[in-house]
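Here is a short report on one residue's surroundings, a second residue, and a pocket.

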Amino acid sequence: GGALARWPFDGSLLGCPGNARDLGHTGPAVFSTTRHQGSRSLQLNGSTDSASTAAAMNVGDAFTISAWIYVPSGTTQIQTIAANSAGGNTTNGFRF
């Protein structure tokens with residue numbers, strides 16, 4: 001076992017050494033400096049910002065995803081945290 005990927009969001013989009021899965025992004029890569037959002041959390045605007053990795057991960061048929069998520073009150077529309085497919089309800093894959 002062991003982690004296939006891990007991103008500490010320590011002011012960059014680099015993955016942990018040895019996993020070769022740095023993140024790319026659309027929109028600006030902005031890191032929070034506020035305590036309640038996490039001193040180094042990645043801020044995404046919920047509509048045009050995203051972060052993704054081009055390196056494929058074979059997770060087999062059992063895997064765990066862990067994330068700390070803050071969604072402000074009043075947020076509308078569906079917010080995707082992790083996915084392996086494009087948007088829409090007719091695509092295969094998972095979306096959380």
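Gly-24 touches Ser-50, Ala-51 and Ser-52, leaving aside residues up to four places away in sequence; contact means heavy atoms within 4.5 Å. Gly-24 lies in strand E1 (residues 24-26). Strands (E, at least two residues) are DSSP runs, numbered from the N terminus.

This is a predicted model: local features need pLDDT of at least 70, side-chain atom pairs count only at pLDDT 80 or more, and totals for chains, interfaces and linings use all residues. Residues are numbered from 1 along each chain as its sequence is written, and side-chain values use heavy atoms, with hydrogens and water left out.

Asn-58 is found in the segment after E4. The table sets out accessibility (buried under 20% relative accessible area, exposed over 50%, partly exposed in between; 1.4 Å probe, protein chains only).

| Residue | Relative accessible area | Class |
|---|---|---|
| Gly-24 | 32% | partly exposed |
| Asn-58 | 68% | exposed |

Now the largest pocket. A pocket is an open set of points on a 1 Å grid over the protein atoms alone, where a 1.4 Å probe fits, with protein on both sides within 12 Å along at least five of seven lines; lining residues have an atom within 4 Å of a point. The largest pocket is lined by 47 residues, and Phe-9, Ala-67, Ile-69, Ile-81 and Ala-82 lie nearest its centre. Strands E3 (42-43) and E4 (50-52) each supply at least two lining residues.

Definitions and conventions
Helices (H or I, at least four residues) and strands (E, at least two) are DSSP runs, numbered from the N terminus.
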